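Thanks for sending this one over. Here are my notes as numbered points, to read with the structure open beside you.

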Amino acid sequence: MTTRQNEDTDATGATPAPESSTSAVDLIAAAVEVTTVVNDLSVQWLSARPTPGFRLLGTGTAEIERHLAAAIEPVTRRSVWSMQPHLPFDPGELMRTTDDRSRGRGLDMRGITTERTVLTNPLISSEHPDIHIGPAHFQCIVVDEVTAVVAGPNDDRGFQTAWLATRPDVVARVVALWHRTWERSRPVLAAGAKPPFTPRQCVVARRLVVGTKDAAIARELGISRRTVATDIADLVRRLGASNRAAAVLALRGGTYAGTHRASHATARADQLGEAPGLDSATAP
């Protein structure tokens, strides 16, 4: 904290307002505005009133991901820019395969999430080393800057809805918000830092979470069971967990005593290219 003492006071000793406070509030206001527009259009669509260039894409994570993979990715030509306030650890393969296919086609893939993701998803910087961390106040995917997939109100069962927008008034707002948020974001990995976990360890972690046996993991990856056990032991250690079950809970963003804070410290230190110390280990 000593490094901020001179920054937090001006020549008179007074504490000035942060330079970014106004722009931060403006960003929140812009996100609220877009959310209101989307929710209003959603209600109109659900009421069977015409909403040209705006329709329901899907309800619930599985259905939304299927429609993104089948209907959106194949027609994308240039870019896919996402903004996700929270990206929990996902052991599934559909969206990962979809993203890999898009990268293989040379699409401009960018993503923004928040510090919350870093604290609850220990593998975020390993599975998404190019993602940025910033004040993401709205959930969306911008496709070729002419189409937007936006989050809408939950349905009666509590499942999230996603909406496909091509109408200019919605797309322009979403694109502008995404650009403003990107400008205020930073890479999840510090310059020169390497992802804390290897691609193979990430696969092992995903299989561990869904209960795949070591022998099955070894067969899938073409490695020995001893190597699988070594990778799992490293995951357990790096997550600050006491055993495999605690490691799974930590990967899921759980709060197992002695695991959650330790994994936060390890994740934060790994992304900064530092060793976790007392301050990071006790941070909320």
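1. Helix α3, residues 94-104, gives the most to the lining of the largest pocket, contributing seven residues. Please keep in mind throughout that this is a predicted model. The pocket itself holds about 1,400 Å³ of space. In total 50 residues line this pocket, and those closest to its centre are Gln84, Leu87, Met95, Asp99 and His128.

2. What is the lining of the largest pocket made of, by class? It has 23 nonpolar, 15 polar and 12 charged residues.

3. Now for the chain as a whole. The protein chain contains 12 helices and eight strands. Of its 284 residues, 43% are buried. The chain exposes about 14,900 Å², and carbon and sulfur atoms supply 56% of that area. Taking contacts between residues at least 6 apart in sequence, 68% join residues at least 24 apart.

4. How many disulfides does a search of the whole structure find? The number is zero. Two cysteines to look at are Cys140 and Cys202. Cys140 has a relative accessibility of 1%, so it counts as buried. Cys202, at 3% relative accessibility, also falls under the 20% cut-off and therefore counts as buried.

5. Asp144 has a positive phi of about 55° although it is not a glycine. Glu145 likewise is not a glycine, yet has a positive phi of about 60°. For background, most residues other than glycine have a negative phi.

6. Are Asp144 and Glu145 buried or exposed, or something in between? Asp144 is buried because its relative accessible area, 8%, is under 20%. Glu145 has a relative accessible area of 37%, which lies between 20% and 50%, so it is partly exposed.

7. Moving along to strand β6 (residues 147-152), begin with Thr147, which has its place in this strand. Its relative accessibility is 15%, so Thr147 counts as buried. Which residues is Thr147 in contact with, leaving aside its neighbours within four places in sequence? They are Ile141, Val142, Leu164, Ala165, Thr166 and Val171.

8. Gly152 also has its place in strand β6. At 12% relative accessibility, under the 20% cut-off, Gly152 counts as buried. Not counting residues up to four places away in sequence, Gly152 touches Val38, Asn39, Thr161 and Trp163. Gly152 and Val38 are 114 residues apart in sequence, while their C-alpha atoms are 6.4 Å apart in space.

9. Two prolines can be read together. Pro187 is found in strand β8 (residues 186-187), whereas Pro129 is found in the loop between α5 (124-127) and β4 (132-133). Along the chain they are 58 residues apart, and their C-alpha atoms are separated by 8.2 Å. Pro187 has 44% relative accessibility and so counts as partly exposed. For Pro129 the value is 32%, and Pro129 therefore counts as partly exposed.

10. What do these prolines touch, once residues up to four places away in sequence are not counted? Pro187 touches Ile131 and His132. With the neighbours within four places left aside, Pro129 is in contact with Ile124, Val188, Leu189 and Pro195.

11. Last, a residue on the exposed side of the cut-offs. Ala70 has its place in helix α2 (residues 61-72). Its relative accessible area is 59%, which is over 50%, so Ala70 is exposed. Ala70 and Thr98 are 28 residues apart in sequence, and the C-alpha to C-alpha distance is 9.1 Å.

Conventions
Residues are numbered from 1 along each chain as its sequence is written. This is a predicted model: local features need pLDDT of at least 70, side-chain atom pairs count only at pLDDT 80 or more; totals for chains, interfaces and linings use all residues. Side-chain values use heavy atoms; hydrogens and water are left out. Helices (H or I, at least four residues) and strands (E, at least two) are DSSP runs, numbered from the N terminus. Buried means under 20% relative accessible area, exposed over 50%, partly exposed in between (1.4 Å probe, protein chains only). Contact means heavy atoms within 4.5 Å. Accessible areas come from the Shrake-Rupley method with a 1.4 Å probe; for residues, only the protein chains shown count as cover. On a 1 Å grid over the protein atoms alone, a cavity is a set of points where a 1.4 Å probe fits but cannot get out, and a pocket is an open set with protein on both sides within 12 Å along at least five of seven lines; lining residues have an atom within 4 Å of a point. Grid points are joined across faces, edges and corners, and a volume is the space filled by probe spheres set on the points. Ala, Val, Leu, Ile, Met, Phe, Trp, Tyr, Cys and Pro count as nonpolar, Asp, Glu, Lys and Arg as charged, and the others, Gly among them, as polar. A disulfide is a pair of cysteine sulfur atoms within 2.5 Å.
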